[in-house]
Amino acid sequence: MAARAQKRIGLRIVDEVFVPDERRAEVRNRLARAKGQLQGIERMLSENRPCVEVLTQIAAAQEALRGAGRIMIRNYLERCAASAIKAGREKEVYDELMDVIFKLTR
C-alpha cells in the first residue's frame with residue numbers, strides 16, 4: 001500500500017519521443033471534440049434544454065475523452081511500456097499500468 005501512496009512520475013525513456021505527431025494530432029482532435037461538446041452543454045444549460053438532451057451531450061463528451069484515453073493507452077503500451085520491458089523494468093511497468101487502469105476505470 002505504501003508504494004501506491006507514492007506519486008508516480010512515469011517511466012522515463014531518454015532521447016525518445018513519447019507521443020508521435022500523428023497520435024498527438026488524434027488526441028488533440030478528440031480533445032477539441034470534447035471541448036466543443038462541453039461548450040455545447042454550457043449553452044444547453046443556459047437555454048434550459050431538456051435533461052435528456054444535456055445528458056446525451058455529456059455522454060458524447062465522455063466518449064470523446066475515452067477515445068483520447070484509448071489512443072494514449074495504445075501509445076503507452078507500444079512505446080513506453082514496451083521499451084521499459086525490453087530494458088528489464090517489467091515490475092515498474094506492471095505497477096504503473098495497474099495504476100493507470102485503476103484511474104481510468106473509476
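**Figure 1. Helix H3 against helix H4.** Axes are lines fitted to C-alpha atoms, for helices over the stretch in contact, and angles run from 0 to 180 degrees between N-to-C directions. In this predicted model, helix H3 spans residues 51–86 and helix H4 spans residues 90–104. They pack at an angle of about 160°, and their axes lie 9 Å apart. Angles over 145 degrees count as roughly antiparallel, so H3 is roughly antiparallel to H4. The crossing of H3 past H4 is right-handed.

**Figure 2. Residues where H3 meets H4.** From H3 come Ile73, Tyr76, Leu77, Ala81, Ala84 and Ile85. From H4 come Glu90, Val93, Tyr94, Glu96, Leu97 and Leu104. The residues of this contact divide into 10 nonpolar and 2 charged, with no polar ones.

Figure 3. Asn75 lies in helix H3. Its relative accessible area is 2%. Buried means under 20%, so Asn75 is buried. The side chains of Asn75 and Arg23 are joined by a polar contact of 3.1 Å. Leaving out residues up to four places away in sequence, Asn75 touches Phe18, Val19, Pro20, Arg23 and Cys80.

**Figure 4. The whole chain, for orientation.** The protein chain has 4 helices and 0 strands. Along the sequence, the pattern reads α-α-α-α. The chain has 106 residues, and 25% of them are buried. Take the contacts between residues at least 6 apart in sequence: 68% join residues at least 24 apart.

Methods: Residues are numbered from 1 along each chain as its sequence is written. This is a predicted model: local features need pLDDT of at least 70, side-chain atom pairs count only at pLDDT 80 or more; totals for chains, interfaces and linings use all residues. Side-chain values use heavy atoms; hydrogens and water are left out. Helices (H or I, at least four residues) and strands (E, at least two) are DSSP runs, numbered from the N terminus. Angles under 35 degrees count as roughly parallel, over 145 as roughly antiparallel, 65 to 115 as roughly perpendicular and the rest as oblique. A crossing is left-handed if the near helix is turned anticlockwise from the far one by less than a right angle, and right-handed if clockwise. Contact means heavy atoms within 4.5 Å. Ala, Val, Leu, Ile, Met, Phe, Trp, Tyr, Cys and Pro count as nonpolar, Asp, Glu, Lys and Arg as charged, and the others, Gly among them, as polar. Buried means under 20% relative accessible area, exposed over 50%, partly exposed in between (1.4 Å probe, protein chains only). A polar contact is a pair of N or O atoms within 3.5 Å; within protein, one must be able to donate a hydrogen and the other to accept it, and residues adjacent in sequence count only if both atoms are side-chain atoms.
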